[in-house]
Amino acid sequence: MAYSAPISPSLSFFKNPQLTRLSFPFSPLYSRPRVQNPSLLTKNKTWSSSVVVAATAAEKQKKRYPGESKGFVEEMRFVAMRLHTKEQAKEGEKETKSPEERPVAKWEPTVEGYLRFLVDSKLVYDTLEGIIHQSTFPTYAEFKNTGLERAEKLDTDLKWFKEQGYEIPEPTDTGKKYSQYLKDLADKDPPSFICHFYNIYFAHSAGGRMIGRKVAERILDNRELEFYKWDGDLSGLLQNVREKLNKVAEEWTREEKNHCLEETEKSFKYSGEILRLILS
């Protein structure tokens, strides 16, 4: 049975010469324990601080961005896929709102609208490729003559339409606005410019080709435009550009990479406005 008993006065440390305050360093009568070697306290504090800093650094190192282990292009792809609708891609998270976000099978394209789309697309590719070829900036120099260039192909297609008797329109305000935006980015914000470069070329090589086939079935008697053809193996051309993009991004800080990823939404906005012209 548990019980408690009062401490005998004869056992009090006040009366025991071996239990004096000096020989009982952890007594509650002390505000802090007695330290035999004061330098140990400083060393312990330094060691504790080092442990905290090391733990914080290790925690930061553990944080991984989606796709980061495979290279920065995979990070860009991951962000881009999330901005698709669920009908466009299985990774898509966006709800369908705009007409061009509906399945292509439900589109009702017109030749006139398609021409506006092609003309604005040519302006955008002319802008991108002009910046790349005229720049001496090392980042952009990596992307000269990749084989993905589209401006000349579009020029050939527009000449064909003209030969068929169609009037080639002038670029719309939508295309002009995007072209100017790209020029501004190229001068002051390379990571954002690279974001648009990636999304424009890679989107066209994937979803863009599918759109081209479906539109051709509806209004061009299945004619395949040069816009959707590449000289050489497309998968090899894309892989070469992926490697170049990853190489460029290796020189960026994490903040610059995040800034590039954040630009993806604007890239989709501008491209979507031009794509919508097909239905106009």
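Contact here means heavy atoms within 4.5 Å, and helices (H or I, at least four residues) and strands (E, at least two) are DSSP runs numbered from the N terminus. The model is predicted: local features need pLDDT of at least 70, side-chain atom pairs count only at pLDDT 80 or more, and totals for chains, interfaces and linings use all residues. Residues are numbered from 1 along each chain as its sequence is written, and side-chain values use heavy atoms, with hydrogens and water left out.

View 1. Among contacts with a separation of 6 or more, 73% join residues 24 or more positions apart.

**View 2. Helix H2 (residues 72–82) and its cover.** The buried residues of H2 are Phe72, Val73, Glu75, Met76, Ala80 and Met81. Their cover includes helices H7 (190–219), H8 (234–249), H9 (254–262) and H10 (264–275).

**View 3. The packing of H2 against H8.** The axes, lines fitted to C-alpha atoms over the stretch in contact, lie 8 Å apart at an angle of about 105°, on a scale from 0 to 180 degrees between N-to-C directions. H2 and H8 are therefore roughly perpendicular (65 to 115 degrees) to each other. Phe72, Val73 and Met76 of H2 meet Arg242, Leu245, Asn246 and Ala249 of H8 in this contact. The residues of the contact comprise five nonpolar (Ala, Val, Leu, Ile, Met, Phe, Trp, Tyr, Cys and Pro), one charged (Asp, Glu, Lys and Arg) and one polar (the others, Gly among them).

Key:
Buried < 20%, exposed > 50% of the residue type's maximum accessible area, 1.4 Å probe, protein only. Parallel < 35°, antiparallel > 145°, perpendicular 65-115°, else oblique.
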